[in-house]
Amino acid sequence: GFLSESSHFSKICTENKIEFIGPPPETIDAMGNKSQAKKSMKKIGIPVIYGSDGLINNVSEAEKEAEKAGYPIILKASAGGGGKGMRLVENVAQIENDFNTAQSEAEMSFNNGDLYLEKYIEKPRHIEVQILADKHGNVVALGERECSIQRKHQKLIEESPSSGVSETIRKKLYKTAISGAKATNYIGAGTIEFLMDVNNDFFFMEMNTRIQVEHPVTEMVIGADLIKYQILCHAGMSIPSWMKDMKIRGHSIECRINAEDPDANFRPSPGKITSFHMPGGMGIRVDTHVYSGYSVPPNYDSMIAKLIVHAPTRKEAINRMIGALDECVIEGIKTIIPFQKQIMTDPNFQNGNIDTSFLNNFHYKPGGYI
């Protein structure tokens, strides 16, 4: 929850001799402020996207910085995440309205309306590296995740490894992520996120100082429980030696199952689940808190389950996911399962031709799986 990224909560735990499962408060503060995090990474030589050198205080400053960066630009909430307080600005005519909208949304979502500005990279891949750090200065990178299938900046499908990352780029990503974690005195599990352009150049975007929703795909390809090792690192254990030479095994894909109706422009679908059946078997995992008879409330995030598959190859993982989605039975509410099925069978997705704009050009056929 929100306390996982609260430096105040981390500090209270430390003061009361309670081991907080997360980094020290100074690290949370340094990385939680997206604008400050970029500055920190830039200082140690990690490539960052061109943008404002700090916060943007008003529309006039935003216009000046946007002119320097060149349109399109993106406005982001400094304290944000999950696509909240974020606006893509194509030209100067949009900037005043988008600035005010992003600021209001950031204030409402995070009680902090601070914004910063970045040059918008068109058609990038969203690649993130899972890191684990112990209290003895050891840091390892445990594979990368492809998170480019997004709707309104919210991830829908994640994979490990990325079909767009070569072994050469992978080594560079790992080295960069480890450097970033060491520079911030990181402890525990965390994720360093990058945008990678069409030239395979990657840029630091942000660091999440917590375990993430999509961590199961990493667990599937490394064959280890990340939560277990996160806790052990905070208990003072050194990272096991095998993790330093860890090899990715096969391919894993995760679909987030949200209580939304794709036939009605993804309208939220709260209500009582009258029937709930999830698939099982070799290479299939389900993480969920819901059950038949459970009432999905309208107050929170719409995700009700995570469906994860693992197979020797990406092609086999896609086929396994299609079969697993077919076996899902959730009645009483609408879910995005039909939408997920159509993505899995899309030729561009199957060929790995994906980036963060994928869904802009994806034509969903309402009425179910066709």
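Predicted model: local features only at pLDDT ≥ 70, side-chain atom pairs only at ≥ 80, totals over all residues.
**Stop 1**

Begin at the two ends.

**Stop 2: helix 11**

Select residues 337–345, which form helix 11. Of its 9 residues, 7 are buried, so helix 11 is largely enclosed by the rest of the structure. The buried residues are Ile337, Phe339, Gln340, Lys341, Gln342, Ile343 and Met344.

What covers these buried residues? Strands 5, 6 (154–160) and 9 (251–258) are part of the cover. Helix 10 (314–327), strand 17 (329–331) and helix 12 (347–350) are also included.

**Stop 3**

Move to residues 73–77, which make up strand 1. Strand 1 is mostly covered, with 5 of its 5 residues buried. Show the side chains and look at each face in turn. Ile73, Leu75 and Ala77 lie on one side, while Ile74 and Lys76 lie on the other, and both faces are covered.

Strand 1 has pairings with strand 2 and strand 3 to look at. Strand 2 (residues 87–89) runs antiparallel to strand 1 and is joined to it by 3 bridges. Within that pairing, Arg87 in strand 2 is the bridge partner of Leu75. Strand 3 (residues 115–119) pairs with strand 1 over 5 bridges, again in the antiparallel sense. Here Ala77 has Leu115 of strand 3 as its bridge partner.

**Stop 3: backbone details**

The peptide bond from Tyr71 to Pro72 is cis, with omega near 0°. Pro72 sits in the loop between helix 4 (59–69) and strand 1.

For another cis peptide bond, go to Ser160 and Pro161, where omega is about -5°. Pro161 belongs to the loop between strand 6 and helix 6.

Next, select Lys123, in the loop between strand 3 and strand 4 (125–133). Lys123 is not a glycine, yet its phi is positive, at about 55°. Asn200 is also not a glycine and has a positive phi, of about 65°. Look for Asn200 in the loop between strand 7 (188–196) and strand 8. Is Asn200 buried or partly exposed? With a relative accessible area of 35%, Asn200 is partly exposed.

**Stop 4: Thr218**

Select helix 7 (residues 215–222) and find Thr218 in it. Thr218 is buried, with a relative accessible area of 0%. Which residues is Thr218 in contact with, leaving aside its neighbours within four places in sequence? They are Gln130, Leu142, Arg145 and Leu226.

**Stop 5: the second largest pocket**

Finish at the second largest pocket, which has a volume of about 380 Å³. Of the 15 residues that line this pocket, select Ala141, Tyr174, Lys244, Met246 and Lys247, which are the closest to its centre. Strand 5 (139–151), helix 6 (167–183) and helix 9 (241–244) are the elements that give two or more residues to the lining. Which element gives the most to the lining? Helix 6 does, with 5 residues.

Colour the lining by class to close the tour: 9 residues are nonpolar, 6 are charged and none is polar.

Conventions
Residues numbered from 1 in each chain as written. Heavy atoms only, no water. 1 Å grid on protein atoms, 1.4 Å probe; cavity = no way out; pocket = protein on both sides within 12 Å on 5 of 7 lines; lining within 4 Å. Points joined across faces, edges and corners; volume = space filled by probe spheres on them. Helix = DSSP H or I, 4+ residues; strand = E, 2+ residues; numbered from the N terminus. Nonpolar A, V, L, I, M, F, W, Y, C, P; charged D, E, K, R; others polar. Buried < 20%, exposed > 50% of the residue type's maximum accessible area, 1.4 Å probe, protein only. Pairing = 2+ DSSP bridges. Contact = heavy atoms within 4.5 Å.
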